[in-house]
Amino acid sequence: VNDRCNFILSDLANKLSSEVKFDLILSNPPYIPLEEKEDIMKDVVAYEPHQALFIENIFEFHKQIFQSFADHLLP
């Protein structure tokens with residue numbers, strides 16, 4: 001961390017002050033619909049955290065991410 005770069009670990013923007021603004025937001029959300037779990041390679045399912053891979057309602061979850069951070073992005 002320096003004066004040009006700060007990292008903040010957050011559960012969406014739930015606990016961020018409305019004054020916190022970002023130039024860039026990176027996210028690595030779950031990206032595999034839960035119903036596809038049986039089709040995923042066994043070595044992935046066995047060794048990757050399921051919470052990081054699978055999501056029940058992928059579109060609703062990603063919509064929530066966008067809405068959560070909309071007011072925190074600088075123009």
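Visitor: Where does Glu-48 lie?

Guide: Glu-48 is in the loop between α1 (42–47) and α2 (50–53). Helices (H or I, at least four residues) and strands (E, at least two) are DSSP runs, numbered from the N terminus. Do keep in mind that this is a predicted model: local features need pLDDT of at least 70, side-chain atom pairs count only at pLDDT 80 or more, and totals for chains, interfaces and linings use all residues. Residues are numbered from 1 along each chain as its sequence is written, and side-chain values use heavy atoms, with hydrogens and water left out.

Visitor: Is Glu-48 buried, exposed or partly exposed?

Guide: Buried means under 20% relative accessible area, exposed over 50%, and partly exposed in between (1.4 Å probe, protein chains only). Glu-48 has 40% relative accessibility, so this residue counts as partly exposed.

Visitor: Now a helix, please. Where is Ser-68, and what is Ser-68 in contact with?

Guide: Ser-68 belongs to helix α3 (residues 58–69) and is buried, at 18% relative accessible area. Contact means heavy atoms within 4.5 Å. Setting aside neighbours within four places in sequence, Ser-68 is in contact with Leu-12, Ala-13 and Asn-14.

Visitor: Which residues of α3 are buried?

Guide: In α3 the buried residues are Ile-58, Ile-65, Ser-68 and Phe-69. They lie on the same side of α3, because they cover an arc of only 100° around the axis; the arc is that of the directions from the helix axis to the C-beta atoms. On the face turned away from that buried side, α3 carries the exposed residues Phe-59, Phe-66 and Gln-67. The cover over the buried residues of α3 includes β1 (32–33) and β2 (54–55).

Visitor: Which residues make up the largest nonpolar core?

Guide: A nonpolar core is a set of buried Ala, Val, Leu, Ile, Met, Phe, Trp, Tyr and Cys residues joined through side-chain atoms within 4.5 Å. The largest one here has 6 residues: Leu-12, Ala-13, Leu-16, Phe-22, Ile-65 and Phe-69. Apart from it lies another core of 5 residues, including Ile-40, Val-45, Leu-53 and Phe-54.

Visitor: What sits over the ring of Phe-54?

Guide: A charge sits over a ring if NZ of Lys or CZ of Arg is within 6 Å of the ring centre and within 35 degrees of the ring normal. Here the charged end of Lys-37 sits over the ring of Phe-54, 5.6 Å from its centre.
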